[in-house]
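Colleague: I have not worked with this structure before. Could you take me through it step by step?

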Amino acid sequence: MIKLYHVELSGNSYKVRLMLSLLGIKHEQVLVDLRGGEHKSPQFLKLNPFGQIPVLVDGDVVVRDSHAILVYLARRYGDEDWLPTEAQSMSKVMGWLFTAANEIRQGPEFARRYHLFQIPLDVQLATQRAYAILKILDEHLTGRQWLELNRPTVADVACFPYIALAPDGKVSLDAYPNIIAWIKQIKQLPGYVGMPGL
Ligand SMILES: N[C@@H](CCC(=O)N[C@@H](CS)C(=O)NCC(=O)O)C(=O)O
């Protein structure tokens, strides 16, 4: 059975739990003790030399990084629905995975890290970056229900967690009605699961 190494409050882990649930994939969840440093143990580093969660193990296949795991699950179990292979469609969807790994991580994800977990970082910069990406996202979502292709894809799954969790990082979504409508849509998808803070 598929195994997911994760942490409850990690938005990156949640991206994967959400995808597994949307695809209806049975799996086993293994909690990793980050406070106890389990993710830096020799045993865990064999799974992921980066010493980070989430990690997915599917038989002989080990995948690290939430976005790589979304790609794996979508292509292995989701046909063309969640990540199509036609050149233009694929590049549009992949573009948002990189936005999640860059602008969203350095914005709302880092602001949440600072306020919720007291991890020292430049919170002013993170907050400024958070509002910059919220503005872009809200404008992009004008007249759109989903980020790309008029249907839910891994783009939505990758961007949703840290955007919807932005208030945990004292970043308000109030001025972004298109983002609020998009969050509502995602919460109504068959198989949707939440996490603490949502
Ligand atoms: N690019 C990675 C980032 C994963 C990540 O930042 N994981 C955090 C928890 S959300 C972690 O394991 N932190 C512990 C550490 O880096 O030491 C992904 O998207 O999965």
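Predicted model: local features only at pLDDT ≥ 70, side-chain atom pairs only at ≥ 80, totals over all residues.

Colleague: What volume does the largest pocket have?

Modeller: The volume of the largest pocket is about 840 Å³. Its lining comprises 31 residues, and those closest to its centre are Ser-10, Asn-12, Leu-34, Ile-53 and Arg-113.

Colleague: Which elements give two or more residues to that lining?

Modeller: They are α1, α3 (66-77) and α4. The most comes from α4, which gives eight residues to the lining of the largest pocket.

Colleague: You listed Ser-10 among the residues closest to the centre. Where does Ser-10 lie?

Modeller: Ser-10 is in the loop between β1 (2-6) and α1.

Colleague: Is Ser-10 buried or exposed?

Modeller: Ser-10 counts as buried, because its relative accessibility is 13% and the limit for buried is under 20%.

Colleague: And what does its side chain reach?

Modeller: The side chain of Ser-10 reaches the backbone nitrogen of Ser-13 at 2.9 Å.

Colleague: Let us turn to the ligand. How many residues surround the ligand?

Modeller: There are 14 residues around the ligand, and the closest are Lys-40, Ile-53, Asp-65, Ser-66 and Arg-105.

Colleague: Which side chains have an N or O atom by an oxygen atom of the ligand?

Modeller: Lys-40 is one of them, with a side-chain N or O atom 3.0 Å from an oxygen atom of the ligand. For Arg-105, the distance from a side-chain N or O atom to a ligand oxygen is 3.0 Å. For Gln-52, the corresponding distance is 3.3 Å.

Colleague: Ile-53 has come up with both the pocket and the ligand. What is the peptide bond from Ile-53 to Pro-54, cis or trans?

Modeller: That peptide bond is cis, with omega near 5 degrees. Pro-54 itself is in the loop between α2 (42-47) and β3 (55-58).

Colleague: Moving on to charge pairs, how many salt bridges does the structure hold?

Modeller: It holds five salt bridges.

Colleague: How is Arg-105 linked to other residues?

Modeller: Arg-105 belongs to a network of salt bridges together with Glu-109 and Arg-113.

Colleague: Why are Arg-113 and Glu-109 separated by about one helical turn?

Modeller: The reason is that Arg-113 and Glu-109 are four residues apart in helix α4 (residues 87-117). Glu-109 is buried, with a relative accessible area of 2%, whereas Arg-113 is partly exposed at 27% relative accessibility.

Colleague: What does Glu-80 pair with?

Modeller: Glu-80 pairs with Arg-75 in a salt bridge, and their closest N and O atoms are 2.9 Å apart. Glu-80 is partly exposed at 33% relative accessibility, and Arg-75 is partly exposed with a relative accessible area of 33%.

Colleague: Which residues other than glycine have a positive phi?

Modeller: Asp-79 is one of them, with a phi of about 50 degrees. Asp-79 is in the loop between α3 and α4, and Asp-79 is exposed, with a relative accessible area of 58%. Leu-149 also has a positive phi, near 65 degrees. Leu-149 is in the loop between α5 and α6 and counts as partly exposed at 24% relative accessibility.

Colleague: One last topic, cavities. How many of 30 Å³ or more are there?

Modeller: There is one cavity of 30 Å³ or more. The largest cavity has a volume of about 40 Å³, and the residues lining it include Leu-18, Trp-82, Trp-146, Asp-156 and Ile-186. The elements that give two or more residues to that lining are α1 (11-22) and α6 (154-164).

Colleague: And how does the lining of the largest cavity divide by class?

Modeller: It has eight nonpolar, one polar and one charged residues.

Terms used
Residues numbered from 1 in each chain as written. Heavy atoms only, no water. Salt bridge = Lys/Arg side-chain N within 4 Å of Asp/Glu carboxyl O. Buried < 20%, exposed > 50% of the residue type's maximum accessible area, 1.4 Å probe, protein only. 1 Å grid on protein atoms, 1.4 Å probe; cavity = no way out; pocket = protein on both sides within 12 Å on 5 of 7 lines; lining within 4 Å. Points joined across faces, edges and corners; volume = space filled by probe spheres on them. Nonpolar A, V, L, I, M, F, W, Y, C, P; charged D, E, K, R; others polar. Near = heavy atom within 4 Å. Polar contact = N/O pair within 3.5 Å; in protein donor to acceptor, adjacent residues only side chain to side chain.
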